[in-house]
Amino acid sequence: MMPSSTTPETARPTARPAGRTTYVSCATEVGDIFARVFRTLDDWRDQIAAAVPDRADLDILVESLVVPALLASADSPAADTPSAAESLLIGAGFIAAPQYVNGRDAHFAWWLGPLASNPLLGNTSGASRLDLATRVHTEYLRDFRELEWYAVPAATNQTHVTGPYVDQLCTCDYIITLTKPVRLGERMIGVVGADIYVKRLEQVLLPHFLALAGPVVLVNQSGRVVISTEPTLPAGDILPNRRHPADGYDLLPCPGTPFLIATRIALAAI
Amino acid sequence: MKAQLRPGAREAIFAQLIEAGRAEQVARRLTDAIILGLLTPGERLPSEQELARRFGVALITVREGLVILRDAGLVETRRGRGGGSFVIKADAPPGSLLQSRLRGLAQVELSDLAVYFSTIAEGCAERAALRASAVDAERLDAWLLHADFSTTARARTNAGGFYLELAVLSQSPRLVREQIRLQAEFGPLLLLGLGDPDTRAQVTGLNGRIALAITHGDGQAARTLVADQVRLLGEWLLTMKARIERGGRRDDAIVDDA
């Protein structure tokens, strides 16, 4: 297979974090990372909402907003810079409610960053637009509005974080999806969203986690493991489970996110 | 038959291909589509350039694939304005294409296909049972409750969807990718048995029990039930292969509302 020059497959060594690393500083770091992505989404949401009266060029506007962010991701996958929020993204865009853009189904203005050996797209070096017509394996999904990343913000009018999960629509990879409702008056006209590659998030967070004395596990509200320095609790597992009972762990919320830092009680007490 | 297919069903035919023997893969994908009636007699195929783009192969590969189809008498190429490659109106009875597809695969290939698909699907189901959260299990139940398995076409779409959901619940991107690849390559063939009402009833009857095993976190039960499902589909294929090789009449159920 040809090596891809644009999508590094090997994790880059990242500098150890400056300052003293604690469980609290790890939780703060997680919160800061997501806050930066949320700010990016706020900006996109406001620009899309402002442009809504002239519907015609909406796709062009969305493309101009999200593609630079996706290409920045490919260039600096783990750089701890102000653009770090963008560097995590593998997909982003706007999904319009069915009644808003012509047609029965939801309208996807969604772009994917450069991918290596994607089963549906092969190797891509630039940004590519999601073409749902070529995703026939998703035909069994009756209505995309039933999916969590659309249904929850539509029901709650709140920002929602979905995952980590294997995304079978776009990347066929392990991701976290952030979606925000876009409203026109009282009506939700769609969601603006971004997909975070779990493997890139790991590159950013692992140096912080490894700087701690004991194992640490980042989980979502369901206990689904995102990133872990406990080998018996890999990404995708659920905490608690038979090997890891709930009473063995302390949970520390990561501010502004649905994620928690889980640490073994005995070790956290040291 | 057309009315039951959503527009996307036809697009699967042209999803990207992987690995070597690509001209043969182009030919096989299009042959399966013609056999299943996704491409109908008299219909014009997309242009060679478009096919190359969609399959993700070189133009020459598409041309080689079309030569295989022409030699098999499945398409004809017309020149000039309004030209292109057209699906031939077969004079042969409708089951004959399927017969040739099944004849083209040895029994040992068919049974190996079922073994491989089963192994992947069983692994997905076991992992799904170990890793599904309560919310995940509820979502799977809700999807299954409303999934239509009453016709061959819907049963095939949703059976493929069910196996893909199990892969998604396993939390493994590799298993999801492999499930998608397997379904693109062999899905139409493997799921042919769903055209037979008895087999369809037996296979879909197991779906609810698989979902229950996942809710209970019972990986072994989920694995065994999925193995039973794929065994039914594999045995149906082998039975049909034997019947065709004996020169017996094709089973009308094969192409019934495919």
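A residue is called buried when its relative accessible area is under 20%, exposed when that area is over 50%, and partly exposed in between, using a 1.4 Å probe and protein chains only. By this criterion, 55% of the 258 residues of chain B count as buried, and 54% of the 270 residues of chain A do.

The model is predicted, so to speak of local features requires pLDDT of at least 70 and side-chain atom pairs count only at pLDDT 80 or more, whereas totals for chains, interfaces and linings use all residues; side-chain values use heavy atoms, with hydrogens and water left out. Residues are numbered from 1 along each chain as its sequence is written, chains are lettered from A, and ligands are numbered from 1 in the order in which they are written.

**The two chains**

Helices (H or I, at least four residues) and strands (E, at least two) are DSSP runs, numbered from the N terminus. Chain A has six helices and 12 strands, while chain B has 12 helices and two strands. Read from the N terminus, the elements of chain B follow the order α-α-α-α-β-β-α-α-α-α-α-α-α-α.

The table lists surface values, for which accessible areas come from the Shrake-Rupley method with a 1.4 Å probe; for residues, only the protein chains shown count as cover.

| Chain | Accessible surface | Share from carbon and sulfur atoms |
|---|---|---|
| Chain A | about 11700 Å² | 55% |
| Chain B | about 11500 Å² | 53% |

A contact means heavy atoms within 4.5 Å. Among contacts between residues at least 6 apart in sequence, 54% in chain A join residues at least 24 apart; the corresponding share in chain B is 72%.

**A sheet in chain A**

Two strands pair if DSSP finds at least two bridges between them. In chain A, four strands make up an open sheet with antiparallel pairing, in the order β10-β9-β12-β11. Strands β10 (225–228) and β11 of chain A lie at the edges with a single partner strand each, so one side of each has no neighbour in the sheet. Ignoring direction, neighbouring strands of this sheet are turned by 25° against each other on average.

Axes are lines fitted to C-alpha atoms, for helices over the stretch in contact, and angles run from 0 to 180 degrees between N-to-C directions. Helix α1 (residues 23–51) of chain A packs on the sheet and touches β9 (216–219), β11 and β12 of chain A, its direction making about 45° with that of β11(A). Helix α5 (residues 198–210) of chain A also packs on the sheet, where it touches β9, β10 and β12 of chain A; its direction makes about 45° with that of β10(A).

Within the sheet, β11 (residues 249–253) and β12 (residues 260–264) of chain A pair in the antiparallel sense over five bridges. A:Y249 stands opposite A:R264 in β12(A). The two strands β11(A) and β12(A) form a hairpin with six residues between them, and A:G256 in the turn has a positive phi of about 75°.

**Cysteines**

With a disulfide defined as a pair of cysteine sulfur atoms within 2.5 Å, the count over all chains is zero. A:C170 is in no disulfide, the nearest cysteine sulfur being that of A:C172, 8.4 Å away; A:C170 is buried at 5% relative accessibility. A:C254 is likewise in no disulfide, and the nearest cysteine sulfur, that of A:C26, is 8.7 Å away. A:C254 is buried, with a relative accessible area of 1%.
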